[in-house]
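Okay, thanks for making time, everyone.

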Amino acid sequence: MNDKLLVETAVLAGEIMLISGAEIFRVENTIDHILRKAGRETSEAIVFSTGIFASLNDLSIEAITVARRVTGRSTNLNRVYLVNDVSRKLCEDRITVEEAYGKLKEIRTTMQYSRWLKDAGIVGVSVFFTLLLGGGGRDFLAAAITGAVLAVAMEVSSRLRLNDFCMNGISAFLIAFTALSVEKLLLPGIRSDIIIIGAIMPLVPGVIFTTAIRDTLNGDYASGTARMMEAVVIALSVAAGVGAGIRLFQFMGGQLW
Amino acid sequence: MVMQTIGAFFAVISFALVLELPKKYVVLAGGIGAAGWLSYLMVDTAAGSVTAAAFLSTLLVALASHVSARIFKAPVTVFLVAGILPSVPGASIYRSVSYVISNDPELSSHYLVQTLQISGAIAMAIFIMDSLFRLIQKK
């Protein structure tokens, strides 16, 4: 068996999982399982939220060690699922290392839903959250407008490569300002509070928070606290953005429109 | 309550698109989320406590996620992160901020504490379910 390719496959699998938002425990576990297929004496995988180290060693070979820095992160559960599937098949000897490597290369860039569908998802979250919180017909319309503004704001900020704090803050600001303006100009009597709550849901760091908890429980305190901090920072930026939006609207109340 | 549960179902499905949830599990994740929100509403009405509601509904969602993960041989995360979306305390964060702005520090800190309590309750529920399933797996 080609040890080098095996290590490369293991690290690639880990990298995709880590970027796509899997827990540290699962990433280490996957790399470990793949490395063990080599049957060498020691195989180690160390994963942080920012990088991966994997090593394979035996008296009969020179140690193979790969370090990989991981930057940029976006939740993609489909990739986590697919990599999990490939590693499972590889460990059960249903596919070869070469096949697994090829598949992982494909998975790295796979996308299930188009940009439009994702934007529709953002609008959908705001509209259906309004329903979930007990809103009615006119509230949906306002939620759809606010959700569309959010989708555009997120699109623009990702093109501009804004950092998380600015992106969430500005998006939340626009949500609050849009919802209040729609209430004043177009649809008086709507419940702007539940519309704002619904629209900020795609920004609120529920996913990061969940992963942070599971990392901490698994004893990965370093990445657990890092992710927890990330969740706190994002929550604060959303809060600051919403606050600024409401305040600016009140401040301009009656003057601009 | 029925309408709200339907809302939760479609909200989770919409969120699933943003998270790139595998296509074949989208509807299942929506169902888990809807069941979670229904239990949230029922506990909230019966006990009058959002923290208890968040705790019990997350417990249910985590249980359903672990069971689905084992049936379909998929990572737990796939079902869990979308399913808990309705319980995430976005509303408490918003209210806390909006009361800061309307100069009501008392209500603002009430909702801030509520945000922390709900987050803690969600964390605790996920903790418990993860630990339980680890015990079962070891046997």
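This is a predicted model: local features need pLDDT of at least 70, side-chain atom pairs count only at pLDDT 80 or more; totals for chains, interfaces and linings use all residues.

Where they do touch, seven residues of domain 1 of chain A are in contact with 10 residues of domain 2 of chain A. On the domain 1 side of that contact you have three nonpolar residues, three polar and one charged.

Helix H1 of chain A covers residues 3–20 and helix H2 of chain A covers 24–36; their axes come within 9 Å and cross at roughly 165°. An angle over 145 degrees counts as roughly antiparallel, so H1(A) is roughly antiparallel to H2(A). The crossing of these two, H1(A) and H2(A), is right-handed. Who makes the contact? From H1(A), the residues include A:Leu6, A:Val7, A:Ala10 and A:Met17, and from H2(A) they include A:Val27, A:Ile31, A:Ile34 and A:Leu35. The contact of H1(A) with H2(A) has 11 nonpolar residues, three polar and one charged.

Here's another pair to look at. Helix H5 of chain A, residues 115–132, packs on helix H8 of chain A, residues 192–200, at an angle of about 135°, with the axes 8 Å apart. That angle makes H5(A) oblique to H8(A). H5(A) and H8(A) also make a right-handed crossing. On the H5(A) side you've got A:Ser126, A:Phe129 and A:Thr130, and they meet A:Ile194, A:Ile195, A:Ile197, A:Gly198 and A:Ala199 of H8(A). Count those up by type and you get five nonpolar, three polar and no charged.

Okay, on to the loops. Find A:Asn218, in the loop between helix H9 (206–217) and helix H10 (221–252) of chain A. Which residues does A:Asn218 contact, leaving aside its neighbours within four places in sequence? They are A:Glu23, A:Ile24 and A:Phe25. Take A:Glu23: that residue is 195 residues away from A:Asn218 along the chain, yet their C-alpha atoms are separated by 9.1 Å. And A:Asn218 is partly exposed, with 18 other C-beta atoms within 10 Å.

A:Asp93, in the loop between helix H3 (77–91) and helix H4 (97–109) of chain A, has a positive phi, near 60°, without being a glycine. A:Asp93 counts as exposed, because it has 8 C-beta neighbours inside 10 Å. Then there's A:Arg161, between helix H6 (137–159) and helix H7 (164–185) of chain A. A:Arg161 isn't a glycine either, and its phi is positive at about 55°. With 8 other C-beta atoms within 10 Å, A:Arg161 is exposed.

Last stop, the two chains together. 41 residues of chain B are in contact with 46 residues of chain A. On the chain B side, the elements giving two or more residues are helices H1 (2–18), H4 (76–83), H5 (90–101) and H6 (105–138) of chain B. H1(B) gives the largest share, 11 residues. By type, that side of chain B has 30 nonpolar residues, seven polar and four charged.

Definitions and conventions:
Residues are numbered from 1 along each chain as its sequence is written. Chains are lettered from A and ligands numbered from 1 in the order in which they are written. Axes are lines fitted to C-alpha atoms, for helices over the stretch in contact, and angles run from 0 to 180 degrees between N-to-C directions. Helices (H or I, at least four residues) and strands (E, at least two) are DSSP runs, numbered from the N terminus. Angles under 35 degrees count as roughly parallel, over 145 as roughly antiparallel, 65 to 115 as roughly perpendicular and the rest as oblique. A crossing is left-handed if the near helix is turned anticlockwise from the far one by less than a right angle, and right-handed if clockwise. Two residues are in contact if their C-beta atoms, placed from the backbone, lie within 7 Å. Ala, Val, Leu, Ile, Met, Phe, Trp, Tyr, Cys and Pro count as nonpolar, Asp, Glu, Lys and Arg as charged, and the others, Gly among them, as polar. A residue is buried if 20 or more other C-beta atoms lie within 10 Å of its own, exposed if 12 or fewer, and partly exposed in between; C-beta atoms are placed from the backbone.
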